[in-house]
Amino acid sequence: NITALEPFTNYSCCIFAYTSKDSWSQSCYTTLTLESAPSTAPTDVVIKLLRNASVLISWTPPSTPNGVIRGSNIYVFIQNTSSVFRVEGNCVNYVLNNLNYNQPISVKVSSNTSVGEGPRSRIVNGMTGCPAGMFYKTSSGLCIRECGCGEGQVKNYRDPSTGATYDACVPVQGDNIGIQSIKSSNPISP
């Protein structure tokens with residue numbers, strides 16, 4: 001018995017036989033050890049906002065798969081709920097659609113061989129987008145609504161997490177929008 005071999009690895013072995021007259025023979029063979037579950041987790045997990053309330057989750061396969069990757073599990077955490085999505089084969093991305101707007105999302109990914117599931121990746125956090133139309137996302141993650149202050153400016157927007165309404169007429173540059181004053185605590189309907 002040979003022990004402590006790596007899973008899903010080719011090993012070659014040769015046997016030499018010597019006779020008393022200095023002649024010899026040899027027999028060699030190569031064998032592949034059995035698969036095992038991955039030893040390492042997927043890496044480089046990224047949550048990318050696609051459009052509105054859809055995100056693309058992508059990752060790099062495990063560095064030590066210990067076999068043929070047959071699929072991956074995507075663990076999604078949104079508020080107090082969790083879901084698991086499975087992709088088949090060696091796919092390294094998944095699109096989540098129809099999420100709530102302006103919502104925190106957390107994700108972990110694991111990969112599977114025919115033997116079982118490997119460890120899960122570190123948790124990655126992201127945010128879904130704003131509704132389509134005249135909404136903008138600030139660098140702090142707020143969705144704001146343009147109500148007409150002029151081209152490239154925003155007026156009367158609300159923080160969806162608190163419902164506070166703000167009155168400002170400031171230029172929009174990228175995703176940096178300044179808050180000038182609080183108008184009321186009544187939310188503006190989108």
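The model is predicted: local features need pLDDT of at least 70, side-chain atom pairs count only at pLDDT 80 or more, and totals for chains, interfaces and linings use all residues. Residues are numbered from 1 along each chain as its sequence is written, and side-chain values use heavy atoms, with hydrogens and water left out.

Phe-8 lies in the segment before β1 (10-18); strands (E, at least two residues) are DSSP runs, numbered from the N terminus. Its relative accessible area is 32%, so Phe-8 is partly exposed (buried means under 20%, exposed over 50%, partly exposed in between, with a 1.4 Å probe and protein chains only). Together with Leu-32 and Val-68, Phe-8 makes a nonpolar surface patch of about 230 Å². Such patches join nonpolar side chains (Val, Leu, Ile, Met, Phe, Trp, Tyr) within 5 Å, from residues with over 30% relative accessible area and no salt bridge, the latter being a side-chain nitrogen of Lys or Arg within 4 Å of a carboxyl oxygen of Asp or Glu.

Ser-72 sits in strand β5 (residues 71-78). With a relative accessible area of 1%, Ser-72 is buried. Residues that Ser-72 touches include Trp-59, Phe-85, Cys-91 and Ser-111 (heavy atoms within 4.5 Å).

Three aromatic pairs occur in the structure. Phe-16 and Trp-24 form a tilted one, 5.8 Å centre to centre with 55 degrees between the planes. Rings of Phe, Tyr and Trp (its six-membered ring) pair if their centres lie within 6.5 Å; planes under 30 degrees apart are stacked, over 60 edge-to-face, and the rest tilted. Phe-16, Tyr-18 and Trp-24 form one aromatic cluster.

Note on methods
Patches are made of residues with over 30% relative accessible area and no salt bridge: like charges are joined within 9 Å, nonpolar side chains (Val, Leu, Ile, Met, Phe, Trp, Tyr) within 5 Å. Accessible areas come from the Shrake-Rupley method with a 1.4 Å probe; for residues, only the protein chains shown count as cover. Helices (H or I, at least four residues) and strands (E, at least two) are DSSP runs, numbered from the N terminus. Lists of a residue's contacts leave out its neighbours within four places in sequence.
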